[in-house]
Amino acid sequence: MIHRLLSSLLVLVLTLPLSAGAETPQSEDKPFAEVHVVLQISDRDPFKQTLVLNVANNLLKAYGPDKVDIEVVAFGPGLRLLLADNANKGRIEALAGSGVRFSGCMNTLRNFTRQLGHEPALNPHAVKVSAGVVRIIELVKQGYILIKP
Amino acid sequence: MRRSTRRDVTGVLLGAGLLAAGGAAQAANWLMLQGTEPPDAGARARVWGFIQPEFQSTDGSKLPAGPWKGQKAVFNQIGPDLESSSQFNIRRARLGVRGTAFPLDNRVNYFFLVEAGRNGITKFGDAVSLTDASITLNHIKYARLRVGQFKYPGSEEGLQAIHVFDYINFTNVTNFLMLERFFDSDGSVPGMDPNKPNGSVGAFRDLGIQLFDTLHVGDWEHSYAFMIGNGNGINRGNDNGKYNYYVYLSSEKVFGGKGPRRQGWKLYGWFQTGQRTLRAGPDQEKQDFDRTRWGFGSTFRKDKWRAGAEVIFADGMIFNGTDGAAVPGSLNNKGTAVASWNVLPEDKAWGFYVDLGYRVHPKVELDIRYDYLDRATETDANERVFQTVTFGAQYFFNKKVRMLVNYELRMADAPQLDGSSVPNRILDEMDNRLSAQVLAVF
């Protein structure tokens, strides 16, 4: 009996450090989220804009708004999705209302500014991040699943 | 900026919100759809087009009276060649590119389209003809500018995108009054040199500049357009120094959806006026004639139902068919003259159409249309009334490909002339017409 108890304790001690090392994503806005997803949009194709929003919507429908944590990261030509006048701004508004976060790459924004001669306005739901690709790496390190539709 | 989340938003609200947003996000009317790209979501260059192979047939009844008695009747021949009463044809084959040249600046859009099918554009013009080449500048709110060659704001049947047209042939009122043919002469002097079009049909397009935009007020969408053009159709300059002026107004209650088959109820009205230079009368002296068109109508599309109606009035430059209803260019039986195309430069006409469609199955729509044209109302001898009832069926293979079958019951008469007169005996021989077409958009 004692031998069995000691064995169980040994297993527990051995597995404890491993459990602590596997980081669980935490989001202030989605404390009950069980699935954490980062959606990448870096393509110039307007169809991809619709697709990435569709995927976000489908994830919300599949898991429920409280159970899934979604962040859309836009960089490169894909940042057009987060420009203020984008034709999809109504859909972005609705998705943001369900807790989907939108991040826009500052590097790309600076590049757009250089090409246009002025800084284009961003969607009010977009949050500027220093580099889109770095933001994705950080989220993946936290345990987010990267999907590039 | 602070990220915020509303945790209490339910899936139901989400769905409703997305539906509402989807409807409002896309400006969907003919002014906007044909040349304007969605903001920050337009491609640099999107290649697209469509192909319309078709078959049309009549009984090919011959002329029963008049100088061309026994010869082919023009209204029983199949265009644009008018050589046979039954034929296969590629009605339209169009290839285009549209987009935003510099995707970061969505304020500048372009639209380019060429026609390689066999129709009134290519029969009388080049085998491959430019139909659209326009640039739209969206810099000023409520005052967009479009310059180049494009569809003028006008009659619904002409302004709508042809690849979503629910029938194969135009109504008579649109064909005779709006699909403009351009001639050098009125064709009133008989001879051996037949009067014929001097180039492509107008194709409901003009070269010029248009000021336009759409205003959204709740579920309603109000649009306006003013245009100044050469008034000389496509791929021509201004031959007389006179311009054509166009005005268009519409209001649409949007029920939902987007694109060319968006659901809604639209009311519209339009007006256009200009002058055409033509050799006319016995002396064939060059003169300028007023050409004015105006009309109003309504369209409706909701769930399985679709309907439309429009009234069109015309003053001046009335296209009047051919001498004795013979095929243009054919010699009369006495050998003294060949049949010419004719124009009545100072006459009037009017007409209307009513159209109804119902989806009996997600892939099948049944259509019926009645159209009426009273041509040359100012001269008893020339007045003709055309009435057509078109029965149609459309089978949708998918969103891009469909097959259309039409059967037209066609009637015509000269109401001011005796029933046994030559014109009425000729018009009695107008055959019904069967048409089938496959349309593929890519």
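Rings of Phe, Tyr and Trp (its six-membered ring) pair if their centres lie within 6.5 Å; planes under 30 degrees apart count as stacked, over 60 as edge-to-face and the rest as tilted. By this rule, 22 aromatic pairs are counted over all chains. The model is predicted, so local features need pLDDT of at least 70 and side-chain atom pairs pLDDT 80 or more, whereas totals for chains, interfaces and linings use all residues. Residues are numbered from 1 along each chain as its sequence is written, chains are lettered from A in the order in which they are written, and side-chain values use heavy atoms, without hydrogens and water.

**View 1. Aromatic pair Trp305(B)–Tyr358(B).** The two rings are tilted, with 4.4 Å centre to centre and 45° between the planes. Trp305(B) belongs to strand E11 and Tyr358(B) to strand E14 of chain B, 53 residues apart (strands are DSSP runs of E, at least two residues, numbered from the N terminus). Trp305(B) is partly exposed at 43% relative accessible area, as is Tyr358(B) at 28% (buried means under 20%, exposed over 50%, partly exposed in between; 1.4 Å probe, protein chains only).

**View 2. Aromatic pair Trp350(B)–Tyr372(B).** This pair is also tilted, at 5.5 Å and 50°. Trp350(B) is partly exposed, whereas Tyr372(B) is buried at 17%. Both residues belong to a cluster linked by ring pairs, which also includes Trp294(B) and Phe313(B).

**View 3. Charges over rings in chain B.** The charged end of Arg359(B) sits 3.9 Å from the ring centre of Phe396(B), and Lys302(B) lies 5.4 Å from that of Phe255(B) (NZ of Lys or CZ of Arg within 6 Å of the ring centre and within 35 degrees of the ring normal).

Definitions and conventions:
Helices (H or I, at least four residues) and strands (E, at least two) are DSSP runs, numbered from the N terminus.
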